[in-house]
Amino acid sequence: MSSRASRSNWLLAFPVLVLLMWTVAFPNIAVIAGSFENGLGHWREFLASPSDREALTTSIVISLASVVASLMIGVPLAFLLSRFEFPGRKVLRGVATLPAALPPLVGVIAFLFLYGESGIVTRTVQTIFGMDEAPWRLTGVWAIIFVHAYTMYVYVFLFVSAGLERFDTTLDEAASGLGASSWTRLRRVTLPLLTPALAGSMLLVFMTSLGSFSAPYVFGGGIRVLSTQIVASKLNGSLGLAYVETTVLAISAVAGLALFRWLERKRKYTSSGKGSATRKAVGSRRAAVIAAVMAAVVVVVLILPHLMVVLVSFAVDGAWTTQVLPPQYTLDNYRQLFTDPQLWRPIVNSVSMATVATAANVVVCSVAAYLIVLRKFNGRRLLEVLVALPWAIPATAIALGLAATFNRNDPGAGRVLLVGTFWILPLAYFIRGIPLVSTAVEGSLRQLDPSLEDAARGLGASWWLTMKRVVLPAARPGLVAGALLAAVTAVGEFVAGVVLYTHANRPISIEILAQLRALAFGTAASYSVLLIVLVLIMTFAARGLEERMA
């Protein structure tokens, strides 16, 4: 590499590395350093605390159980919709990913309205069987795993479905020809080839469960997990202990990441075929009818939380007490959202902060992905680690790191006062979006032949013209997909808001929680519907943009 090329790479890489070191690495280092500000005192306090040990154990147990529950739902559903043809399959496939469109807090609220102690399903069962008390209470470990399984099976379903779409069914036919039973084919042929898809989805579920805050916060019922314990310690003024809990949570996440990566690398199977997945039509008429009825039941179960939120959004606040369904309906909840400045403010905050964060993600992550995929320089490995780091660290740990770092002005130490201002939440959203956007753009750029960029430069094109005509068009599909993911995540973000919000910059998710605490269920649900609509608008806009650019 010529010295001129090396210098130009560093001119481009240096500001990106400095920015990521400052926003991603520095807060985490500050948290680790803060955990030792009293020597080993805070660590001894953590180890001696039964509640903290319980929180660590419960977090890991819930995460592992969520992985198992998600596999139990996602894998059979993926096989059913990828291997068999039956009436209702396309509809079921269309709604199978619907839980992913529910922002975490909205999904939790929907479950509260449906299956909580005063939920519609619970009261219906209680009324039908004439019970004096609710037949169940949606609290504790099993309630959290139940909610996690509903919202996270989508990762397993998507990954395994993609693996089955690429699966060459002639391998199954060859195994059958050799006398292998269905179980042997599944165990010796199909599942080994799906190992990368299974490992990737298990990792995603584990990491998401470990950092989950909404479900344990609402349905915990007194049990402790690390994500809620961190917030509790911070609110109680035990910052040193909160730093230790944050460090332990981050270490657990990184250990889980390393373990799943090791499992993924341990067994590698590849198919030499091009992939020719086909679906079998369900043979008998009776089986087809049973499959169609079961598909309809599953569709209803999947869309019920969305319908529930919409229904409650029209309920009159305070009128729904002991009835199965809200007795009175009104449009006032929506009218108030759009006319009351206090209720409208969180909507403006969420949209503007998500826009700022996503715009920063697009610029920074595009440059980072370009440097990682198409450039060679000494700091490339460090850049790869920095863009992947936010994915391995739970949102609670990131938020507490920002609170610990940007709480005062000390430019000499790299600290700027952002806590209490508008900018702290967009910064948190920006960090959370880094791996989403950079990974998506890297995927698109890896399909670009690097010699095309060299050819353009060889023909006399300037660096900017080469970027405009060669690199950016190649990166565009990943850029649109990554920006959409980052924007959707930011507009529904809840965990960072709990740690970092003030009344002036409160986002929609925090206002939903405030309305729930005030028993204003209709207003909380109307906010939730608005959040779902925002997510859908962004999704359709991104798809439209992709089609116009194709």
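This is a predicted model: local features need pLDDT of at least 70, side-chain atom pairs count only at pLDDT 80 or more; totals for chains, interfaces and linings use all residues.
1. Helix 19 (residues 424-445) is mostly covered, since 17 of its 22 residues are buried, where buried means under 20% relative accessible area, exposed means over 50% and partly exposed lies in between, with a 1.4 Å probe and protein chains only. Helices here are DSSP runs of H or I with at least four residues, strands are runs of E with at least two, and both are numbered from the N terminus. At 1.5 Å a residue, helix 19 should span 32 Å, and its end C-alpha atoms are 31 Å apart, which agrees; the expected span is 1.5 Å times one less than the number of residues.

2. Residues are numbered from 1 along each chain as its sequence is written, and side-chain values use heavy atoms, with hydrogens and water left out.

3. As for the whole, the protein has 24 helices and two strands. Its radius of gyration is 25 Å, close to the 24 Å that the globule rule gives for 550 residues, so the protein is as compact as a globular protein of that length; the radius is taken over C-alpha atoms, and the rule is 2.2 Å times the number of residues to the power 0.38. The C-alpha atoms fill a box of roughly 80 × 70 × 50 Å along the principal axes, and buried residues make up 49% of the 550 residues.

4. Among contacts in the protein with a separation of 6 or more, 77% are between residues 24 or more positions apart, contact meaning heavy atoms within 4.5 Å. Ser313, found in helix 14 (residues 285-313), is buried, with a relative accessible area of 0%. Leaving aside neighbours within four places in sequence, Ser313 is in contact with Asn333, Tyr334, Gly522, Ala525, Ser526 and Val529.

5. A search of the whole structure finds 14 aromatic pairs; rings of Phe, Tyr and Trp (its six-membered ring) pair if their centres lie within 6.5 Å, and planes under 30 degrees apart count as stacked, over 60 as edge-to-face and the rest as tilted. One of the pairs, Phe113 with Phe521, is edge-to-face, at 5.7 Å centre to centre and 75° between the planes. Phe113 lies in helix 5 (residues 104-115) and Phe521 in helix 24 (residues 521-549), so this pair ties together parts that are 408 residues apart in sequence. Phe113 counts as buried at 4% relative accessibility, whereas Phe521 counts as partly exposed at 24%.

6. Tyr115 and Phe146 also form an edge-to-face pair, with 5.7 Å centre to centre and 75° between the planes. Because Tyr115 lies in helix 5 and Phe146 in helix 7 (residues 141-165), the pair ties together parts that are 31 residues apart in sequence.

7. Finally, Leu519 is found in the loop between helix 23 (508-517) and helix 24, where Leu519 has a positive phi of about 60° although it is not a glycine. Most residues other than glycine have a negative phi. Leu519 is exposed, with a relative accessible area of 56%.
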